[in-house]
Amino acid sequence: MFLKVMLSFTLCYVVGVLSAFAEIPNHHIFYRNDTRAPLTKVDIVFLGAGRNQDQSSQIGLARTVWRMIWDAAKRRGYMDRLSASGARFNTSTSTYYQTISISALSRNCGESIKIVADLIQNLEFSDLDLKEVKKQLTTIYQNDVRRNASMMRKTFALSQTMGIKKQRSLKTLKNLSLEDIRQYYDQLVKTDVVFFKVISDLDSTEVAKLLRPITEGRDTGGFVHSLAHLKTDTKVGPAAFVFNSSIKSVFSHWLIPIGNLGEETYVPALISSALRGDIHGLIPKYFREELGLTYSPSCRVRASEEIIYFEIYADPQLHNSEELIQKMSDFIRELPDNPRFWEALKERREILKVSDVHNQTPQRSLNREVYRAIYNTSRREGGYDSVTDEEVRSFLEKFFVSDNMIMVFRGPKDNIRDILNTHWPEAEVHEQSLRSVIE
Amino acid sequence: MKKIYAVILFFVWGLSSTCAAYELIGTEVLSKELTARHYTINPNLDAVIVVDRTIPTFEYHTYYSAGSADEEEGKQGRIHFLEHLISGTGSHDEIVSKNGGQKSAATSYHVTRFILRFPKDKFDLAVEIDSERYYSTVINEEVVEMEKKIVLTERSRRLANLTSRFVYSFSSLIYGKKNFISLGTEDFIKQLEPVGLKAYHENFLRRQKRLIVIIGDVDVGYVLTKLDVAYGNEQTPGALSSPQISKPRVLGKKFTITSRGLSVAKFRKSWYTPSLGHRDYAGLLILARILNKSSNSLRSYIVDSGLAKVFSIGLNHYRGFSLMTCAADLPHSTSSDAAHAIIRIELEKIKSISKDELNAACNEQLQSMYSAFYNRSSMASSFGQAFAHTNDPMLYPQLIKDIGSVSPEDIRRIIDQYMADDNSITLSLRLRQDTKTSK
């Protein structure tokens with residue numbers, strides 16, 4: 001697997017039209033030159049050290065370690081030193097990797113990188129650090145319940161139906177020990193699979209030179225990156241998760257699991273674009289412009305942990321909610337037989353030929369290149385043009401069915417329950433409190 | 001013969017050049033690659049052009065110098081409603097989409113904006129759509145009734161959010177309105193009719209000064225020619241002068257509202273400060289940056305100590321003034337007085353700021369402002385807001401130069417001059433304790 005990942009990186013360098021590459025032993029740079037601003041932004045990506053390494057009894061371990069790095073940077077004066085050079089420092093946790101980010105005026109970037117290298121190489125944790133970070137994360141989890149509630153609800157629904165791990169658990173957070181943290185960190189800093197993602201007005205040779213303080217003296221060993229695939233052909237629905245709220249709207253999501261991260265997404269991306277590529281997509285045209293039932297409907301291909309799913313969203317007023325939920329549910333299930341969908345798809349194929357240019361910014365093309373490298377996804381020969389109507393139909397017939405539908409609602413629960421009883425009697429309904437999603 | 005044609009063409013070109021109404025009134029170098037040019041197209045219309053050839057597309061934004069805060073008490077919501085009608089005029093959705101474009105629109109307190117984004121060869125189309133919207137907005141029974149449904153749904157969605165409702169309450173205090181709500185009340189939206197909306201469009205919105213911002217892969221000469229043809233000889237009544245906002249009468253006061261079922265208390269304190277263009281604006285921006293740092297700052301202290309669950313500080317300019325605002329989610333155990341006391345202590349501490357600390361904050365601020373150069377839409381929005389609030393879009397790039405001239409003495413003076421309690425307004429939203437006596 002290790003060789004496979006390395007090979008995929010190498011391929012990316014070879015085929016990436018805009019990419020530049022500077023050699024550093026054991027490390028790789030994904031780089032774009034952007035001279036519009038005198039800035040350098042460096043992401044140090046620790047591939048393989050993501051949340052998917054957490055055992056089910058240790059949910060939150062990766063995030064806790066990453067928060068401890070951030071907190072130590074703050075408490076031990078590193079953040080002040082970075083601030084003195086005008087740099088911004090951040091840490092983030094993803095499913096398959098962890099990232100440390102530095103953004104600075106290019107003239108100060110070398111100094112900032114030295115400070116971060118010093119931090120990574122000389123970090124030690126104490127019980128006091130862990131206690132403090134657990135307190136912070138408890139607050140963050142509680143804040144997320146209020147501030148990122150929509151994402152929390154969806155992740156919870158997927159964890160209950162698809163068997164993916166919850167991202168947050170106060171119970172397992174409480175049980176993490178200092179030994180867990182130290183072990184994880186030792187593995188993390190020694191990991192072989194580290195790369196850099198850089199956007200800068202400096203040239204690639206200068207950038208490579210700047211990064212040496214981080215790469216010098218690093219051991220090898222540690223994680224080997226692997227994509228853990230779940231089975232997605234299990235029966236997940238129809239299921240409905242209802243979160244009670246006394247608002248005068250019913251925020252409604254339809255989640256349709258379609259596969260795993262790393263799998264090719266040309267077919268779902270094309271369908272999603274036809275349904276909601278822009279205001280002229282079929283869903284806004286029909287549900288907003290013609291029926292006036294929703295204000296900002298959306299349709300996206302999203303990921304939660306290892307799962308890729310289709311998300312269709314609508315925000316009807318309470319008095320329109322029954323009509324919207326019934327019509328949207330029918331719309332989804334009957335999509336393969338809807339002539340308007342096939343017209344929209346045909347039109348969208350033409351639009352994509354001219355609209356893709358918006359996605360060619362250095363930032364977006366770099367993100368795509370890194371995504372392909374991490375998830376080992378290949379480019380499909382012929383792109384969207386090569387996707388046939390038969391493939392689309394077979395995809396819809398496989399996934400856009402009642403048995404594969406998870407619905408998540410926020411609104412007055414009695415109203416939603418009545419609607420479900422009338423139009424979705426077969427759905428398994430779960431009434432949830434938002435607080436339960438982080439327990 | 002060819003020579004004669006050439007001479008004739010030369011004279012025709014010369015004549016047309018001298019007849020062009022547009023005039024260059026300023027340029028600002030943003031970075032080594034980007035330069036902003038400011039023109040007048042006619043007495044009511046300005047344009048800012050920034051050539052950025054990073055990708056072969058362009059942004060075309062149109063800003064009107066009026067927004068929801070400029071509307072009469074009890075009649076708020078018409079500008080937002082017109083924004084929907086103007087944006088949806090004709091069959092633009094389909095045309096924009098089929099030509100690889102994107103569109104959106106938004107109404108804020110003193111500015112209404114319309115955004116188009118196209119591949120580089122569609123500039124004529126962008127001007128055509130913009131001028132059709134300006135000269136021939138469709139306002140009839142059918143579109144008004146349809147849009148009412150959508151706007152009421154948007155309103156319902158917006159008001160489902162506690163923070164939005166809290167901010168509206170705060171805006172009511174700032175603007176001296178009993179019930180500030182950008183989208184209007186439900187009853188007001190329901191009674192809107194085409195005749196009244198047409199008159200409001202004609203006599204109010206179309207008579208506001210406008211700015212067109214174009215950023216992207218364009219030829220400046222061609223852009224000016226097209227804008228000149230579309231708007232150079234426009235015969236419209238004189239522009240209305242932008243309504244001036246009087247100083248809030250409630251400066252120095254603290255207000256509390258109560259509600260049942262709150263998981264956290266909300267706190268918002270704003271100091272009334274000068275707008276963009278004032279010599280102290282850059283210093284205020286730096287002060288906000290210092291207060292908001294990740295470590296050793298007001299924000300880090302108040303969050304790390306557990307006094308607030310979330311705390312942020314920001315400076316935003318409006319027409320004729322700006323507001324330095326602290327916004328917090330407080331646990332019920334933290335009183336508003338405790339938050340006031342800590343803010344006061346931290347402001348006193350900052351008065352002894354060193355030159356190095358100030359330089360660091362300036363660098364962080366520059367890093368943040370330069371980051372916007374990667375995002376054309378965000379940059380265009382900064383020009384548009386500067387225009388709507390001060391009538392001079394070039395104050396935005398000039399601000400970048402001003403950042404370096406701020407001194408520690410400026411910071412001390414700014415704190416004494418503006419950051420006093422009697423120059424601020426505070427609003428708290430607390431849990432209702434006694435349901436019999438509180439309202």
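Mentor: In this predicted model, strand E7(B) is covered on both faces: B:Arg210, B:Ile212, B:Ile214 and B:Gly216 are buried on one side, and B:Leu211, B:Val213 and B:Ile215 are buried on the other. In a regular strand, side chains alternate between the two faces of the sheet. Because seven of the seven residues in E7 (210–216) of chain B are buried, the strand is largely enclosed by the rest of the structure.

Two strands pair with E7(B). Strand E3 (residues 45–51) of chain B runs parallel to E7(B) and is joined to it by seven bridges; within this pairing, B:Val50 has B:Ile215 as its bridge partner. Strand E4 (residues 57–64) of chain B is antiparallel to E7(B), again over seven bridges, and here B:Thr62 is partnered with B:Ile212.

Now the contact between the chains. It involves 54 residues from chain B and 62 residues from chain A. The two chains bury about 4700 Å² between them, with 54% of that on carbon and sulfur atoms. Of the area that chain B buries against chain A, B:Arg157, B:Gln367 and B:Tyr374 supply 16%, more than any other three residues.

Seven salt bridges are found across the interface. One pairs the side chains of B:Glu147 and A:Arg288, at 4.0 Å from N to O. Between chain B and chain A there are 23 residue pairs in polar contact. Elements giving two or more residues to the side of chain B that touches chain A include helix H5 (141–159) and helix H13 (355–371). H5(B) gives the largest share, nine residues. By class, that side of chain B has 16 nonpolar, 19 polar and 19 charged residues.

Conventions: Residues numbered from 1 in each chain as written. Chains lettered and ligands numbered in written order. Predicted model: local features only at pLDDT ≥ 70, side-chain atom pairs only at ≥ 80, totals over all residues. Heavy atoms only, no water. Contact = heavy atoms within 4.5 Å. Buried area = accessible area lost by both parts, 1.4 Å probe. Polar contact = N/O pair within 3.5 Å; in protein donor to acceptor, adjacent residues only side chain to side chain. Helix = DSSP H or I, 4+ residues; strand = E, 2+ residues; numbered from the N terminus. Nonpolar A, V, L, I, M, F, W, Y, C, P; charged D, E, K, R; others polar. Buried < 20%, exposed > 50% of the residue type's maximum accessible area, 1.4 Å probe, protein only. Pairing = 2+ DSSP bridges.
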